[in-house]
Amino acid sequence: MNMSQYYKDAEDLYKIYGYFLDRVLRDDKIGLKMSKAGIIIKFMYTDPDAEITIDLKNPPSKEGYYGTVYMGPCDIKEDVWSKQPADHSHRFWHGLENPIAGITKGIIKQGGKVTAMLKLLPVIKPAFQLFPIALHEMGLDNLIVTKK
Amino acid sequence: MNGNTGKIALIDLTENTVESLTLPEETYRRFMGGSGLAAKIFWDRADFAADALSPEALFILMNGPLTGIRLSGASRMNATARSPLTGGIAESSCGGYFPPALRFEGYDGLIITGKAAKPSLLLIDKGIVTIEDAGSLWGKGILECTADLRNKYGKKSTSLVIGPAGENMVPFACILNEAHHAFGRGGMGAVMGSKNLKALVVNSETKELSLTDPDRIKTLVKELTPRIKNHLISQVLHDFGTSGNLEGHMYSGDVPVRNWTSNFDEEMGDALTGSTLSDRFLKKTATCAYCAVACKRIVQVDEGPFALDEGPGPEYETVVAFGSLQGSSDLAAVCKAGRMCNDLGMDTISAGATIAWAMEAYEKGHITEKQTGGIPLLWGDMETVINKVLPLMATRSGKLGDLLSMGSARAARASGGNSLEYTAQSKGMEAPMHDPRGGHGHALAYAVSPRGACHVQTAMHFMETGACNYPVIGFEFDLEALTHEKKAETMVLAAAIGSVENSACLCQFADRSLTLPEIVELINAAAGYGYDVGSMMEAGLRIFHLKRCINYRFGFSASDDDLTPRLKEPARDGDTAGIEIQFDEMKNRFYEMMGFDPLKGIALRKKLESLELTEEADSIWPRTI
């Protein structure tokens, strides 16, 4: 049973992250810096179960983008993977979750070149401002999380 | 006795005598080892009227109960003395190879007093401590001296050495093992120098340990080693060194820039971070004894004004202290400055911070060219720092060397204007390179740590950044870095945990993946203390309170638990800009929770007695009839 506060199902999650990551990977500052990591990251979610792969290693499939996003399971072999509840990720992209604490407590599991992913953390920090904007643009203000 | 050897060497350099001291097992259990046991010995034996650099002053080296068990992060030891920098208790922790070698030679620690008539060294060989002549080594840098000792005493020997700064009693002089692993803080090198003690050498042939439950230790080491090695922090440390997340810290406001006038500079973060160091200068990694993490860097700079042979590379603290703090993003200069400080024997934090303060003072006209002897002190001018300033500081030469070798607080008092206000220190010890404006708990930790501004005497640094989870003691909540909320409550736990780490002599990086019950099990299997989590935490608190009592005996009080205005002013830029630190609220709450007297800054009699510190309580709080 899906226990998510924010996502009805995987399709709902893909729709929201698709819109958001499309903006991030076109962003000349954030996208460019992310592409310098040169890695393939697989995000695995629970509640709902879903999978998103971001390829920052191979040439982007679309012009004007700094990487390629694959929604759902794909055959591309990741360099690093991260698994966490979808709701935790939702709050993370608002800048409201400490990823180090998430890993320490076992909420986030990781594998592969985790140090490469850690290096991405400061790079993606400006995207925390974009996530609520993306939700607003999608008419999903009810999913915007504010600090208590 | 198991785990510990039960034997401590008592060395009087004035009388040229070596005796053996045995303490009751109960003392070991109450004070654990390392920092705690050294504090107890200091309390019992110190002449509190003696100057830090007088012959009467004590210098204590102490292993912990786990030293030598071949577990990653468990090969550290503690040094304790009166600090020539602060006048209070100084303690410092060092890894490397000396601690297990001393344990294998049959000693838990060394208590050194007196002053040798001529430059000397202590040799520990086949279980016997002798005082040897070191006249030919005096004046040598640490790199050359270490190599000489290795040549003389063999490849299996390992040494602790001071450099010219220690010989000249610079109050932030350090001691190095194998020219790489430092007793960095508090001026331990000066204490050795004041005793005419150039080095200590252990020539260890055996690897035997007596443990309470050797099979259990073997099993625990086997079980825990992969977990320690694969922990995220360990992986970052292995791949990129202790400056591995410098760039990330820069974004969270943790990295000081230009003498703490800023805590955000994106370009400096990118230029100085650990992956940049690895890409540009890393030759290989290095490690402390038996550690699978291997966070140490061996670097080489091939060309340019700061070209450097292959050798020990900089830690995070050095990178920031000789990088962003001095307005420089030149990583080659950092490598060179770090190597020079190692050779001269100076703590890179205090040396770097004092120079950064001087650069601001020079800019403001509070230090003039008359005081610098005509040497300009300009932000980012690392050629001047390396070629002129550091050698002058270590040898206390010229007006500038004389001034800066005092450390920032004393130098500011000797200079003009309001320059003391923009030093960044507590109790006279310069703050490490973690800006409290990026994590308000650091402000409290720096202020109340007995040795002065310090991020490793307690566990606050790791607890605030989210790297700790201790549900067994109720610490399973997230801390918001930029508020004072729950920081006093956390600090009580952090004081106990930090004392446990420094007394068990565990590395605060490598032990992050250990649970508290696992630490209890390790200590019990090694030394048979019979701890549970509660009694181990109580021992940690006992040790923290004892160090506070020592400082009280040195004349410190609650008013010394403070930070300079620079460290408390709101940040000027980055994500933390404008946010006030509620320092007084945190400190008052912490005092209340610790049962501290609001003026004396130590616990009241009842609290001390409850922690089995009755004798200590009697000497501070006389019983009334």
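Two strands are said to pair if DSSP finds at least two bridges between them. Helices (H or I, at least four residues) and strands (E, at least two) are DSSP runs, numbered from the N terminus. In this predicted model, local features need pLDDT of at least 70 and side-chain atom pairs count only at pLDDT 80 or more, while totals for chains, interfaces and linings use all residues. Residues are numbered from 1 along each chain as its sequence is written, and chains are lettered from A and ligands numbered from 1 in the order in which they are written.

**Strand pairing in chain A**

- Strand β1 (residues 40-46) of chain A runs parallel to strand β4 (residues 80-85) of chain A, and 6 bridges link the pair.
- Within this pairing, K83(A) in β4(A) is the residue that stands opposite M44(A).
- β4(A) also pairs with strand β5 (residues 109-112) of chain A, here in the antiparallel sense and over 4 bridges.
- W81(A) has G111(A) of β5(A) as its bridge partner.
- Strands of a sheet pair through backbone hydrogen bonds, either parallel or antiparallel.

- I52(A) belongs to strand β2 (residues 50-55) of chain A.
- A residue is buried if 20 or more other C-beta atoms lie within 10 Å of its own, exposed if 12 or fewer, and partly exposed in between, with C-beta atoms placed from the backbone.
- I52(A) counts as buried because it has 21 C-beta neighbours inside 10 Å.
- Leaving aside residues up to four places away in sequence, I52(A) touches Y17(A), F43(A), V69(A) and M71(A); contact requires that the C-beta atoms of two residues, placed from the backbone, lie within 7 Å.
- P73(A) is 21 residues from I52(A) along the chain, and their C-alpha atoms are separated by 7.2 Å.

**An open sheet in chain B**

- In chain B, 6 strands form an open sheet with mixed pairing, in the order β8-β7-β12-β9-β10-β11.
- β8 (128-133) and β11 (181-183) of chain B are at the edges with a single partner strand each, so one side of each has no neighbour in the sheet.
- On average, neighbouring strands of this sheet are turned by 20 degrees against each other, direction ignored; axes are lines fitted to C-alpha atoms, for helices over the stretch in contact, and angles run from 0 to 180 degrees between N-to-C directions.
- Helix α4 (residues 142-153) of chain B packs on the sheet and touches β9, β10 and β12 (197-203) of chain B, its direction making about 150 degrees with that of β9(B).
- Strands β9 (residues 157-161) and β10 (residues 175-177) of chain B are antiparallel and joined by 2 bridges.
- V161(B) has L176(B) in β10(B) as its bridge partner.

**Helix α21 of chain B**

- The expected span of a helix is 1.5 Å times one less than its number of residues.
- Helix α21 (residues 487-504) of chain B has 18 residues and should therefore span 26 Å, which agrees with the 25 Å between its end C-alpha atoms.
- Of the 18 residues of α21(B), 16 are buried.
- C505(B) follows α21(B) and has a positive phi, near 60 degrees.

**Contacts between the chains**

- Chain B places 16 residues in contact with 14 residues of chain A.
- On the side of chain B that touches chain A, α8 (232-240) and α9 (246-251) of chain B each supply at least two residues.
- α8(B) gives the most to that side, with 5 residues.
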